[in-house]
Amino acid sequence: MSISVDFPNAAEHDAFRGVPGAFEGAMRGIRNCLDAGVEVQINSTITKLNVRYLPALLQMSEDLGAVSFHPFMLVPTGRGKELEAQELPPEEYERALEWMYDAQQESELFMKPTDVPHYWRVMRQRAKAQGRKIEVHPHSHGGMNTLSRGCLAGIGFCFISHVGDVQGCGYFDKVAGNVREQTFPEVWRDSPLFNELRDFDGLKGKCGACEYKKVCGGCRARAYEATGDYMAEEPYCAYVPKGWCVPG
């Protein structure tokens with residue numbers, strides 16, 4: 001069972017969620033799940049407001065008896081658009097990902113950074129620098145290695161809405177087809193949108209030039225929201241690819 005806890009204290013969590021008692025309700029839900037023998041995963045949406053609490057949120061997840069902790073990096077689309085001003089700037093984003101890598105090596109809890117394709121780059125950079133293999137956690141059913149790359153929108157994953165619209169993911173507001181009008185295999189196989197997303201050579205800007213584009217790819221939803229072009233470069237990545245020259 002996935003349960004969202006965004007702050008390690010009631011006052012800030014309740015204020016963030018806009019619901020008095022939300023924190024205690026989450027804690028009660030966690031206790032009830034564990035009492036019933038149901039494993040719990042803690043999800044946290046990470047923004048400028050709570051990035052400093054990442055160590056405390058991980059510790060809280062361990063103390064509560066969760067089996068995994070998933071920090072979700074904000075995607076400012078849909079309801080998340082209201083929090084766009086709280087999105088971490090690229091440099092702070094990078095620091096958070098570096099912390100996550102270190103924490104993954106030290107914690108016995110399975111931690112999976114989510115909605116953050118460039119973590120696959122950070123993970124490989126750090127592991128190579130340390131001369132170590134990417135470890136597989138026993139709770140991960142294959143760990144980070146079970147996902148072939150960062151952004152899987154239209155590549156290894158898709159989202160079907162309540163009206164049958166097929167999208168690359170729940171954050172990517174671009175429709176590839178509709179299962180009321182076509183079969184799912186037809187949409188998945190033949191959609192021009194999905195086939196464009198699968199062409200990594202079509203990525204633009206830094207993402208197109210990046211040596212990690214086949215394992216990262218940048219968040220297509222963030223690119224689309226920021227520029228109107230879903231093949232544009234990831235707007236929240238600080239990495240400068242080898243040999244990349246800033247236009248102009």
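Let's start inside. The largest nonpolar core has 36 residues. Val5, Ile42, Phe69, Met73, Met100 and Tyr119 make the most contacts within it. H4 gives the most, with six residues.

One word of caution before I go on. This is a predicted model.

Now take Met73, one of the core residues with the most contacts. What does Met73 touch, leaving aside residues up to four places away in sequence? The list is Ile46, Leu88, Tyr93, Ala96, Met100, Thr114, Asp115, Val116 and Arg222. Keep Arg222 in mind; it comes back with the salt bridges.

Next, helix H3. Its buried residues are Leu54, Leu57, Leu58, Met60 and Ser61. Where do they sit around the helix? Looking down the axis of H3, they fall within an arc of 160 degrees, so they line one face. That set packs against H2, E2, E3, H4 and strand E4 (110-111). Just after H3 comes Gly65, with a positive phi of about 95 degrees.

E1 and E2 pair over three bridges, in the parallel sense. Look at Ile3: its bridge partner in E2 is Ile42. Ile42 is also among the core residues with the most contacts.

Another open sheet has three strands, in the order E5-E6-E7. Here the pairing is antiparallel. Strands E5 (159-160) and E7 (175-178) stand at the edges. Each has a single partner strand, so one side of each has no neighbour in the sheet. E5 pairs with E6 (residues 165-167) over two bridges, in the antiparallel sense. The bridge partner of Ile160 in E6 is Val166.

Now the charges. Side chains of opposite charge can pair when their charged atoms come close. How many salt bridges does the structure hold? Ten.

Pair one is Asp6 with Arg17. Their closest N and O atoms are 2.6 Å apart. Asp6 is in the loop between strand E1 (2-4) and helix H1 (10-17), while Arg17 is in H1 itself. The two are eleven residues apart. Are they buried or exposed? Asp6 has 0% relative accessibility, so it counts as buried. Arg17 is partly exposed, with a relative accessible area of 38%.

Pair two is Asp201 with Lys213, with the closest N and O atoms 3.4 Å apart. Asp201 lies in the loop between H7 (192-197) and H8 (205-209), and Lys213 in the loop between H8 and H9 (220-227). So this pair ties together parts that are twelve residues apart in sequence. Here Asp201 is exposed, with a relative accessible area of 63%. Lys213 has 15% relative accessibility, so it counts as buried, the cut-off being under 20%.

Glu234 forms a salt bridge with Arg222, and the closest N and O atoms are 3.8 Å apart. Glu234 is in the segment after H9 and Arg222 is in H9, so parts twelve residues apart in sequence are tied together. Glu234 and Arg222 are both buried.

Then the network. Glu98, Asp102 and Arg126 are joined by salt bridges that share partners.

Last, the whole chain. It holds nine helices and seven strands. The radius of gyration is 19 Å, close to the 18 Å that the globule rule gives for 248 residues, so the chain is as compact as a globular protein of that length. Its C-alpha atoms fill a box of roughly 50 × 50 × 35 Å along the principal axes. Of the 248 residues, 46% count as buried. And among contacts with a separation of 6 or more, 63% come from residues 24 or more positions apart.

Definitions and conventions:
Residues are numbered from 1 along each chain as its sequence is written. This is a predicted model: local features need pLDDT of at least 70, side-chain atom pairs count only at pLDDT 80 or more; totals for chains, interfaces and linings use all residues. Side-chain values use heavy atoms; hydrogens and water are left out. A nonpolar core is a set of buried Ala, Val, Leu, Ile, Met, Phe, Trp, Tyr and Cys residues joined through side-chain atoms within 4.5 Å. Buried means under 20% relative accessible area, exposed over 50%, partly exposed in between (1.4 Å probe, protein chains only). Helices (H or I, at least four residues) and strands (E, at least two) are DSSP runs, numbered from the N terminus. Contact means heavy atoms within 4.5 Å. The arc is that of the directions from the helix axis to the C-beta atoms. A salt bridge is a side-chain nitrogen of Lys or Arg within 4 Å of a carboxyl oxygen of Asp or Glu. Two strands pair if DSSP finds at least two bridges between them. The radius of gyration is taken over C-alpha atoms; the globule rule is 2.2 Å times the number of residues to the power 0.38.
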